[in-house]
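Here's a friendly tour for anyone meeting this structure for the first time. Have a look around, then read on.

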Amino acid sequence: MSNTRVHNPSASILSDFKEITKMRLAISVVFSSVAGYFLGADNIDFVVVTLLAIGGYLMVGASNAYNQIIERNLDALMDRTKNRPLPAGRMSVPVAFAIASAFTILGLIVLYVINPKTAMFGAISIFLYVSVYTPLKTKTPLSVFVGAFPGAIPFMLGWVAATGNFSIEPGTLFMIQFFWQFPHFWAIGWWLFDDYKKGGFFMLPTGKRDRGTAIQIILYTCWTIMVSLIPVFGVTGKLFLTPVSGIIIFLLGLGMLYYAINLFKKKTAEAAKKLMFASVSYITLLQIVYVLDKFIRQWI
């Protein structure tokens, strides 16, 4: 019997497409946008939900493709990125640029069909990510601060897609995801510190895996929890959270804080990895709790 492995070009192309657009990341961003839409919509329009999902994926996919074009030489230096389509030579820069450009144009058109403000924030997001955040990653730890702006847009984008307006409600959703970015990305920066160092990326606020970085992670985790609880007090317009849901969010936040404190104590890559996963669980479950809270209140 022959052990020769059959090469499947279609599977390889699909795999490279997933990687150049960072499919898993794009799907998580779409999830945030849809959650924001459910919070803002008085009546769910599944045509708009579909357009938001498609437009959101296209914009995130475009940002990631542009990012990989710019960083292709640096990606080749790092273990976690050296097998991406561009540094590995499976995809050419013109092809990647064509994908990124097509996704940008189509994504803006789709989001504009929803309403102009949604397209505007989508355009701001891709511009900041590609033109400001990406170049700064090799120059200053402040890149994380800059990157937190486009990273925080998806949750509020859904509300804007539902209402066509930007006000205190989407502003609050923006703040929640903005502050969350810091412990999340600093945890990644700590976990993958040695690999990032090969590519010359500055991710940690002090530039080191030290006490100062760990303290800042704890502080930003606390601020994330506090901002997440603001809707409980009825000061954020139509965005409201019941005390019961507030307690759930608080307990979820304590779970994330536990892992942040654990990183402060141990200062290990493994502790940072656990915090990273805890932060992903926190923001995902927070969005689910927010949405369920709204619909349960409507049903009761």
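## Starting from one arginine

Let's begin with R84, which sits in the loop between α4 (72–75) and α5 (93–114). Keep in mind that this is a predicted model.

Is R84 buried or exposed? Its relative accessible area is 9%, and the cut-off for buried is under 20%, so R84 counts as buried.

## Zooming out

Now for the whole chain. Which elements does it have?

How does the chain's radius of gyration fit a compact globule? A compact globule with 300 residues would come out near 19 Å, and the chain has 20 Å, which agrees. Of those 300 residues, 50% count as buried. Looking at contacts with a separation of 6 or more, 72% are made by residues 24 or more positions apart.

Here are some values for the chain as a whole:

| Item | Value |
|---|---|
| Box filled by the C-alpha atoms, along the principal axes | roughly 60 × 50 × 50 Å |
| Accessible surface | about 14,400 Å² |
| Share of that surface belonging to carbon and sulfur atoms | 69% |

Finally, the charges: the chain has 25 positive and 13 negative ones, and their mean positions are 5 Å apart.

Technical notes. Residues numbered from 1 in each chain as written. Predicted model: local features only at pLDDT ≥ 70, side-chain atom pairs only at ≥ 80, totals over all residues. Heavy atoms only, no water. Helix = DSSP H or I, 4+ residues; strand = E, 2+ residues; numbered from the N terminus. Buried < 20%, exposed > 50% of the residue type's maximum accessible area, 1.4 Å probe, protein only. Rg over C-alpha atoms; globule rule 2.2 N^0.38 Å. Contact = heavy atoms within 4.5 Å. Areas by Shrake-Rupley, 256 points an atom, 1.4 Å probe, with all protein chains shown as cover. Lys, Arg positive; Asp, Glu negative; His and termini not counted. Charge placed at Lys NZ, Arg CZ, Asp CG, Glu CD.
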